[in-house]
Amino acid sequence: MQNPTFAPVSPFQSAWFLSAFLEASPPGAGHKIIVHTLRDPKTLEILVALPVMQTRSYGVRRIQAPGSSYCDITAPVLSERFLALPPATRSQSLERLLSQIHDGDYIRLPNVTATVNGQPNPLFDQVSRARQQAAQYSMYLPDSAPDRRPSRSAYKEYEGKYRKLEQKGYTFREVEGAEPRLAAIDTLLRLRAESFAARGMAQPDAAAAAALYRALVRRPDAVNRLHVLVLADAGGDIVAGAALIGGKTCLNGTLLGISGPEWRRLSPGMVLIMKIQDWARDRGFTHLNFGAGDQSYKEKFGAHAVPAGEIVRARTVVGRLHLYACDLRRQVAGLGQRLRSGPGLLPGMRTTALAAATQVETAGIAALL
């Protein structure tokens with residue numbers, strides 16, 4: 001059988017990301033990554049691959065997206081033949097694939113966006129309910145030429161503040177090489193932790209995030225790559241920086257670190273985002289995904305909200321009861337967070353703690369995807 005040509009709608013579903021995720025997850029927790037596939041009944045050619053993570057704790061068997069606490073996008077891996085099918089046929093096929101997943105008490109696939117990098121996400125047709133968190137924000141980079149930017153005043157301000165940063169010796173650049181990138185990521189994780197502490201927010205597991213980034217850095221290829229972009233001086237002092245996961249023509253922000261309030265008057269976060277847009281456009285990227293959160297700066301810089309939802313399906317009575325308890329707990333937690341939140345929150349791209357260990361149940365996941 002000839003291997004099909006796959007098109008990961010999102011780099012988070014690529015073999016590059018999943019293999020790094022597997023390496024970074026500590027062993028022995030009894031979790032598995034399972035690749036569910038939909039095949040042509042005659043040729044047995046794989047048309048769709050849907051990686052999911054199976055976990056079990058306190059007697060509850062969960063099916064969720066791999067790294068769901070980390071990834072901003074949930075999407076399937078599609079063959080070119082599947083993409084050529086009519087939309088109604090694609091939707092029916094994905095529904096059939098989901099209905100065949102019965103090895104858990106419930107399925108929860110969060111962050112299913114209507115589009116991914118400008119292309120329809122066929123999994124969105126299966127969304128059970130609107131996402132409770134803020135929508136995704138995505139930016140079509142070619143529409144951000146100077147004469148089409150939504151807020152010229154913001155760009156004029158950015159140019160002036162970048163000149164002031166340059167006067168202090170800070171310039172924008174991409175960090176190259178494995179060890180320099182890992183050192184920069186350690187700094188960004190520290191800056192993020194300081195930001196969370198200043199806002200009274202729970203600290204993500206920095207060690208788990210660092211392990212994943214370490215695995216990603218050591219798996220560069222021509223299609224998917226971890227890019228580290230910083231505003232730093234010649235000595236390597238970083239005032240702001242970001243890690244972005246690229247896939248073909250798209251970039252997805254996963255980590256943003258900005259120095260403390262002493263830099264606020266120079267808006268290094270705003271300058272960084274502006275420079276990232278220009279950098280991405282110059283290298284042929286067409287879409288920049290800002291991730292979850294409805295911070296006003298995203299629309300100001302040209303991003304637009306993308307409808308998002310989640311797929312939630314109970315398979316057993318245990319699953320229905322557990323989902324009900326989880327929803328109730330999230331509602332209470334959300335109310336508490338709104339009460340604690342105040343003005344002046346530092347905008348950031350989401351990177352949270354990863355799930356614990358996984359094992360590959362389907363052999364040859366890299367070859368499959």
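Alanine 240 stands opposite isoleucine 258 in β14. This pairing is read from a predicted model. Strand β13 covers residues 238–247, and eight bridges join β13 to β14. The two strands run antiparallel.

The hairpin of β13 and β14 has two residues between the strands. Lysine 248 takes a positive phi there, near 55°.

How many of the residues of β14 are buried? Nine of the nine are, so β14 is largely enclosed by the rest of the structure. Strand β14 spans residues 250–258. Cysteine 250 counts as buried because its relative accessibility is 4%, and buried means under 20%.

A loop lies between β14 and helix α7, which covers residues 268–282. Serine 267 is found in that loop. Serine 267 is not a glycine, yet its phi is positive, at about 45°.

Is serine 267 buried or exposed? Serine 267 is buried, with a relative accessible area of 19%. The cut-off explains the label: buried means under 20%, so a value of 19% falls within it.

## Another positive phi: leucine 44

Leucine 44 also has a positive phi, of about 65°, although it is not a glycine. Its place is in the loop between β2 and β3. Strand β2 spans 32–39, and β3 spans 46–57.

Leucine 44 is partly exposed, with a relative accessible area of 49%. Exposed means over 50%, so leucine 44 stays in the partly exposed class.

## Helix α1

Helix α1 runs over residues 15–24. Eight of its 10 residues are buried, so α1 is largely enclosed by the rest of the structure.

Which residues of α1 are buried? They are Ala15, Trp16, Phe17, Leu18, Ala20, Phe21, Leu22 and Ala24.

At 45% relative accessibility, leucine 328 counts as partly exposed.

Leu328 belongs to a nonpolar patch on the surface. Tyr324 and Val332 are the other members. Together the three residues have about 340 Å² of accessible area. Cysteine 326, by contrast, is buried, with a relative accessible area of 8%.

## Strand β16

Strand β16 spans residues 304–306 and contains histidine 304. Histidine 304 is partly exposed, with a relative accessible area of 42%.

Histidine 304 and asparagine 289 are 15 residues apart along the chain. Their C-alpha atoms are separated by 9.6 Å.

## The whole chain

Now the overall picture. The protein chain has 10 helices and 17 strands. Of its 369 residues, 53% count as buried. The accessible surface comes to about 16600 Å². Carbon and sulfur atoms account for 54% of that surface.

How many contacts join residues at least 24 apart? Among contacts between residues at least 6 apart in sequence, 78% do.

A disulfide is a covalent bond between the sulfur atoms of two cysteines. How many disulfides does a search of the whole structure find? The search finds zero.

Technical notes. Residues numbered from 1 in each chain as written. Predicted model: local features only at pLDDT ≥ 70, side-chain atom pairs only at ≥ 80, totals over all residues. Heavy atoms only, no water. Helix = DSSP H or I, 4+ residues; strand = E, 2+ residues; numbered from the N terminus. Buried < 20%, exposed > 50% of the residue type's maximum accessible area, 1.4 Å probe, protein only. Contact = heavy atoms within 4.5 Å. Areas by Shrake-Rupley, 256 points an atom, 1.4 Å probe, with all protein chains shown as cover. Disulfide = S-S within 2.5 Å. Patch = residues over 30% accessible without salt bridge, like charges linked within 9 Å, V, L, I, M, F, W, Y side chains within 5 Å. Salt bridge = Lys/Arg side-chain N within 4 Å of Asp/Glu carboxyl O. Pairing = 2+ DSSP bridges.
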